[in-house]
Amino acid sequence: METGERKLYRVWFCKSRLCPMCNWRRAMKHGIQSQKVVSEVIRQKPTARWVFLTLTVKNVYDGEELAQSLSDMSEGFRRMIGYQKIKKNLIGFMRATEVTVNNIDNSYNQHMHVLLCVENTYFKNTENYINQKQWIKLWRRAMKLDYDPNVKVQIVKAKNKDKTDIQSAIDETAKYPVKDTDFMTKDEKLNLQRLADLEKGLFKKRLISYGGLLKELHKELNLDDSEDGDLIHADEEKSKEDEESYSIIAMWNWDRKNYFMMNS
């Protein structure tokens, strides 16, 4: 390129869930696409609010249990998002599943990061607002559990002064589903077992999904599938024009009780 930058021309990606290179490209692609979708939501629904959920269930210990748990969570989330208490204020969502490894007991922790876009009426009164205890009950009901699962809920906030609250939440949902640094050890036998478990557990699982307005906009913006689509040109989705069009800072104004936007 004239700028001296190098451009990826041809490469064959294995698209394995455990491949560091494929995960890097996939996470970059998902992050760029999510920023475009969220920016468009803010344009269309400037009074909308954003809530970040982390949904967890008990750890599992092998690939078969992991596969079943991930399927159950996907179905449980589908049920929960359809509950009237949630649906009446929901504009849309972006969901990403992550699996981490517990190095003490070698178990697997599967959890979902969910960015919810809700009407501002969500925070208006107790009839609309859902506190943490209620989220736990809703998730437990949806998953048909006999215990209270861990659920974290928060209004999205910036992690540091260089990131907006929305961008921080997008970054959380665009993380690698599994990091090789998380499960690789100096024990080759243990590594092989973990690889086998994770490959089996993640096989044919949908780890990224959109719903509501966010899903509609993803389609309208003609964005490629962030999981199974093209990984070679992932970084090209953010062209100069795109950066100028979508580089928006959305800050929460506490006095106006609303977001205001400015170009970065």
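Visitor: Which residues of H2 are buried?

Guide: In H2, the buried ones are Gly63, Leu66, Ala67, Ser69, Leu70, Met73, Gly76, Phe77, Met80 and Ile81. Buried means under 20% relative accessible area, exposed means over 50%, and partly exposed is in between, with a 1.4 Å probe and protein chains only. Helices (H or I, at least four residues) and strands (E, at least two) are DSSP runs, numbered from the N terminus.

Guide: A word on the source: this is a predicted model, where local features need pLDDT of at least 70, side-chain atom pairs count only at pLDDT 80 or more, and totals for chains, interfaces and linings use all residues. Residues are numbered from 1 along each chain as its sequence is written, and side-chain values use heavy atoms, leaving out hydrogens and water.

Visitor: How do you know that the span of H2 agrees with what it should be?

Guide: The expected span is 1.5 Å times one less than the number of residues. For the 19 residues of H2 that gives 27 Å, and the end C-alpha atoms are 27 Å apart, so the two agree.

Visitor: What caps the N-terminal end of H2?

Guide: Asp62 does, with a side-chain oxygen 3.1 Å from the backbone nitrogen of Glu64.

Visitor: What makes a nonpolar core?

Guide: It's a set of buried Ala, Val, Leu, Ile, Met, Phe, Trp, Tyr and Cys residues joined through side-chain atoms within 4.5 Å. The largest one here has 26 residues, and Leu55, Phe77 and Trp139 are among those touching the most other members. E1, H2, E3 and H4 each supply at least two residues, and H4 gives the most, with six.

Visitor: Why is His30 called buried?

Guide: His30, in helix H1, has 1% relative accessibility, so it counts as buried.

Visitor: And Asn89: why does it count as buried?

Guide: Its relative accessibility is 2%, so Asn89 gets that label too. Asn89 sits in the loop between H3 and E2, and its side chain makes a polar contact with that of Thr121 at 2.6 Å. Such a contact is a pair of N or O atoms within 3.5 Å; within protein, one must be able to donate a hydrogen and the other to accept it, and residues adjacent in sequence count only if both atoms are side-chain atoms.

Visitor: Where does pLDDT stay under 50?

Guide: Over residues 239–254 and over 256–264. pLDDT is the predictor's confidence in each residue, from 0 to 100. Where it is low, the predicted coordinates should not be read in detail.

Definitions and conventions. Contact means heavy atoms within 4.5 Å.
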